[in-house]
Each structure stands twice: as C-alpha cells, then as structure tokens.
Amino acid sequence: MSQTQEGRAIPLIQEIKGSGLTFTEEAEEFLATVEAPIAVISVAGLYRTGKSFLLNRILLGQAQGFRVGSSVNACTKGIWVWNQVLTAERPDGT
C-alpha cells in the first residue's frame with residue numbers, strides 16, 4: 001500500500017446538534033477529485049476500542065493519522081476518511 005505521509009484524516013459525515021448528520025464540504029471537495037474507482041475499508045466497534053489505532057498502524061503504516069486520545073472522550077466521532085488516495089498492488093501485479 002503506498003501513500004504520502006502528508007495526508008490527514010478528515011470528517012466525511014458529522015453530527016450537528018439539532019440538525020442531525022451532515023456530509024462535510026471538505027470531504028465532498030476531496031471526493032470530487034478522485035478519478036479512479038474506489039474501495040471502502042471500514043472499521044466499526046464500540047468507543048475506545050482501538051479503531052483509529054488499527055487504521056493508523058495497519059492501513060497507513062504509521063503511528064499517527066487518525067486522531068487517538070488517552071481519555072474516554074471520542075476523538076473521531078462520525079465517519080472519517082483519509083484525504084489522499086491510497087493505492088495497492090493486486091496479486092496479479094496490476
């Protein structure tokens with residue numbers, strides 16, 4: 001999997017108190033730049049169970065990326081995406 005270390009996590013869908021869920025403008029602008037087909041990798045689970053840590057270490061191969069905290073307060077509430085396209089080589093080499 002290749003990526004540039006300069007990428008960052010951005011909110012795709014956020015909860016706005018009193019308004020429900022909303023699709024963020026920043027994510028909409030990023031997704032409009034993606035020209036190739038995409039695949040979605042998701043991690044779901046209870047709060048404070050290591051979802052962001054897992055994405056950082058396994059998917060991004062780095063210690064930081066998706067925000068990780070040491071308290072019981074959520075750091076990545078909602079749905080988040082990485083703001084750069086990650087590419088991977090298929091088993092057939094393409």
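Trainee: Which residue in the turn of the S1 and S2 hairpin has a positive phi?
Mentor: This is a predicted model, numbered from 1 along each chain as its sequence is written; local features need pLDDT of at least 70, side-chain atom pairs count only at pLDDT 80 or more, and totals for chains, interfaces and linings use all residues. Side-chain values use heavy atoms, with hydrogens and water left out. S1 and S2 form a hairpin with three residues between them. In that turn, a positive phi of about 85° belongs to Gly-18.

Trainee: In what order do the elements run from the N terminus on?
Mentor: The protein has two helices and three strands. Both kinds are DSSP runs numbered from the N terminus: helices are H or I with at least four residues, strands are E with at least two. From the N terminus on, the order is β-β-α-α-β.

Trainee: Which strands stand at the edges of the sheet?
Mentor: The sheet is open, with antiparallel pairing and the order S2-S1-S3. Two strands pair if DSSP finds at least two bridges between them. Each edge strand has a single partner, so one of its sides is left without a neighbour in the sheet. The edge strands are S2 (20-23) and S3 (79-82).

Trainee: Which residue in S3 is the bridge partner of Ile-10?
Mentor: Strand S1 covers residues 9-16 and pairs with S3 over four bridges, in the antiparallel sense. Pro-11 stands opposite Trp-80 in S3. For Ile-10, the partner in S3 is Val-81.

Trainee: What angle does the direction of helix H1 make with that of S1?
Mentor: H1 (residues 25-33) packs on the sheet and touches S1, S2 and S3; contact means heavy atoms within 4.5 Å. Axes are lines fitted to C-alpha atoms, for helices over the stretch in contact, and angles run from 0 to 180 degrees between N-to-C directions. For H1 and S1, the angle is about 135°.

Trainee: Why does Arg-48 count as partly exposed?
Mentor: Arg-48 lies in the loop between H1 and helix H2 (51-59). Buried means under 20% relative accessible area and exposed over 50%, with partly exposed in between (1.4 Å probe, protein chains only). Arg-48 counts as partly exposed because its relative accessibility is 41%.

Trainee: How far apart in space are Arg-48 and Val-68, C-alpha to C-alpha?
Mentor: In sequence, Arg-48 and Val-68 are 20 residues apart. In space, their C-alpha to C-alpha distance is 9.1 Å.
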